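Thanks for coming. Please look at the model while I speak.

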Amino acid sequence: MKRMSLFAALALLAISSTGCTALYGTVTNVFAFSRFWIATPLIPVSPYYSQMIEDTYHEEEHYGKVPVLDPVEGENAPLYCLDPPSPDEVIRALPASHKGAGGFAFLSETAINNVRMVIEPIVDRVDECRFFPLVGPARLHHCHYKCTLYFDKTMRSDWPIPFTHTDQTTEVVYVDHDHLIRCAGPETK
């Protein structure tokens with residue numbers, strides 16, 4: 001009981017020495033402290049979740065659409081695949097196990113280093129003109145690429161037993177860049 005009265009006296013002395021009354025000072029301090037929690041403090045986000053959000057954005061905005069090109073002048077005009085996949089697209093096409101998705105810091109981390117890509121076209125053909133819904137008469141241009149990746153895959157753990165293992169890995173990814181080309185209508189006189 002003596003200790004509680006001593007702590008109460010010290011608290012009253014500390015509050016009253018600030019120049020404010022005891023009741024006013026404590027109420028103001030409580031409300032001032034609670035204002036800090038109006039805007040939540042920064043919360044760390046795992047790189048896994050930020051990468052997942054970025055992958056979803058890229059799939060929908062960049063790589064999920066099939067472009068429809070204007071008709072090519074001339075009936076026998078050459079059509080070539082001119083847009084090989086970008087390095088970003090090839091890395092995103094890798095399986096999640098090679099990119100280190102789902103790793104936990106200090107427990108299980110995977111990284112890829114020294115990446116070298118060999119991109120070679122394997123299919124380049126144009127189908128006959130046919131009707132596609134929402135597009136109309138068009139030809140499907142098939143552009144398929146074989147992408148071979150050579151990289152060093154490093155697996156690291158710091159707990160419970162620290163270790164690092166680096167393995168030279170080869171992975172093959174197939175990327176399709178199919179697009180539609182509108183058919184030119186018959187010439188009218």
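A disulfide, as the term is used here, is a pair of cysteine sulfur atoms within 2.5 Å. In general, a disulfide is a covalent bond between the sulfur atoms of two cysteines.

What you see is a predicted model, in which local features need pLDDT of at least 70 and side-chain atom pairs count only at pLDDT 80 or more, while totals for chains, interfaces and linings use all residues. Residues are numbered from 1 along each chain as its sequence is written, and side-chain values use heavy atoms, with hydrogens and water left out.

How many disulfides does a search of the whole structure find? The search finds 2.

Take C129 and C183. Their sulfur atoms are 1.9 Å apart, and they form a disulfide. The angle about the S-S bond is 135°, and this link of C129 and C183 is right-handed. C129 lies in the loop between β2 (109-126) and β3 (130-132), and C183 in the segment after β6 (179-182), so the pair ties together parts that are 54 residues apart in sequence. Helices (H or I, at least four residues) and strands (E, at least two) are DSSP runs, numbered from the N terminus.

Are these two cysteines buried or exposed? Buried means under 20% relative accessible area, exposed means over 50%, and partly exposed is in between, with a 1.4 Å probe and protein chains only. C129 is partly exposed at 42%, whereas C183 counts as buried at 19%.

Now the other link. C81 is joined to C143 by a disulfide, with 1.9 Å from S to S. This link of C81 and C143 is left-handed, with -95° about the S-S bond. C81 sits in the loop between β1 (68-69) and α4 (87-93) and C143 in strand β4 (residues 136-157), so parts 62 residues apart in sequence are tied together. Both C81 and C143 are buried.

If you number the bonded cysteines of the protein chain in sequence order, the pairing is 1-3, 2-4.

Last, the aspartate. D152 is in strand β4 and counts as buried, at 18% relative accessibility. Which residues does D152 touch, leaving out those up to four places away in sequence? They are A111, I112, N113, N114, T166, D167 and Q168, where contact means heavy atoms within 4.5 Å. With N114, the D152 side chain makes a polar contact, side chain to side chain, at 2.8 Å. A polar contact is a pair of N or O atoms within 3.5 Å; within protein, one must be able to donate a hydrogen and the other to accept it, and residues adjacent in sequence count only if both atoms are side-chain atoms.
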